Amino acid sequence: MNYKHKLAAVLVCLAMMTSFVACDNGGQTSSGSNTSSETTSTVSEDISSDTSSEESEESGSIGDKEELDQDIKKKIDDAVKINSDVVGWLNIAGTNIDYPVLQNPDGKNVPISQVNQYYVGRDLYKKVSKNACIFADDYNQMGDRTELSRNTILYGHNWTNIEKNGAAVRMNDDRDVMFGQLLMFSDLDFAKKTPAFTFATLDDNITWVVFAAFYTDTSFYYIEDAPTDSEFMKIVNGAIERSEHIYDVDVRLSDKILTLSTCTRRLGSTDDQRFVVMARILRDNEKVEDFAAPTDNPNPKRPSWYKGNR
């Protein structure tokens, strides 16, 4: 792991956290996973065996890039005319998350203290904004599915749907913008209705299938864009064992994943909490409808300091 990158990634968390502290009810996203150490062990074994040299073509791959549909292409083209920093479009059915994704093209060249800082407080028009925009980690490699980083990380603010002191997540409220409605994935019924979503890059329409939706604190380091095999397995296993639901979606070392991260106060008053949704690219031999509906995870892993029941 690149030390500079790791430090920079931590700094973006701290910067977003500081931004949220200024708001009475804000917070950034976190990550999560399934149930027990036994589950984690099983997942690790599955990943290892599924990515061995004996992996057959029948297991599928991330496939080739797909042409953008006309609606997405027009949205991206229109957004690029406003701001050439647009790198894609994120759309999650059943929510108001239908936004361009931006990335600072100079993000890798700035001082560590400024990494991931440009769009944390700016909108599509590069104007100072509390809600800002959805933006990709400065260190992410963008492009078609073959060019994307192993772990593409998208950040977005959640100022309103914070579930403070354990309050229920708010569903389909238009006051919740950017990643305010991302927390709807914590609801099992919504998760069943929304097994996949689209994050299209400038020239590739990519479908992503969800494998985890979880709460965490920043002690779980899930924002490494170019993890080694062992780091990748640790991120995937950590997400699965923290997940609010158990998904019928396997993840292999040959897969690429997408991480959507925002803030919450679901687990208490601390400002280092996150809600995270993780998904992988739909393989070329799969259909979204082939996956069984997720089921409840009765015992998702929580931070060591958490004393609640769930």
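Select helix 3 to begin: 13 residues, reaching 19 Å from the first C-alpha to the last, close to the 18 Å expected at 1.5 Å a residue. That expected span is 1.5 Å times one less than the number of residues. Helices (H or I, at least four residues) and strands (E, at least two) are DSSP runs, numbered from the N terminus.

The model is predicted: local features need pLDDT of at least 70, side-chain atom pairs count only at pLDDT 80 or more, and totals for chains, interfaces and linings use all residues. Residues are numbered from 1 along each chain as its sequence is written, and side-chain values use heavy atoms, with hydrogens and water left out.

Buried means under 20% relative accessible area, exposed over 50%, and partly exposed in between (1.4 Å probe, protein chains only). An α-helix has 3.6 residues a turn, so residues three or four places apart point the same way.

Contact means heavy atoms within 4.5 Å.

Next select residues 86-91 and 98-102, which are strand 1 and strand 2; they pair in the antiparallel sense over five bridges. Two strands pair if DSSP finds at least two bridges between them. Val86 has Leu102 in strand 2 as its bridge partner, and Leu90 stands opposite Tyr99. Six residues lie between the strands of this hairpin, where Gly94 takes a positive phi near 85 degrees. In strand 2, four of the five residues are buried. Move on to strand 3: strand 2 pairs with strand 3 in the parallel sense over two bridges, and Val101 stands opposite Ile134.

**The whole barrel**

Eight of them close it in the order 1-2-3-4-8-9-6-5, with mixed pairing. Neighbouring strands are turned by 30 degrees against each other on average, direction ignored.

**The core**

Which residues have the most contacts inside the largest nonpolar core? Select Leu90, Phe185, Phe197, Phe211, Leu260 and Met278; the core has 75 residues. A nonpolar core is a set of buried Ala, Val, Leu, Ile, Met, Phe, Trp, Tyr and Cys residues joined through side-chain atoms within 4.5 Å. Strand 6 gives the most to this core, with eight residues. Leaving out residues up to four places away in sequence, Met278 touches residues including Phe211, Tyr222, Ile235 and Leu258.

**Last stop: Lys126**

Select Lys126, in the loop between strand 2 and strand 3. Lys126 is partly exposed because its relative accessibility is 38%. Leaving aside neighbours within four places in sequence, Lys126 is in contact with Asn83, Asp85, Tyr118 and Tyr119. Asp85 is 41 residues from Lys126 in sequence and 9.7 Å away in space, C-alpha to C-alpha.

Definitions and conventions: Axes are lines fitted to C-alpha atoms, for helices over the stretch in contact, and angles run from 0 to 180 degrees between N-to-C directions.
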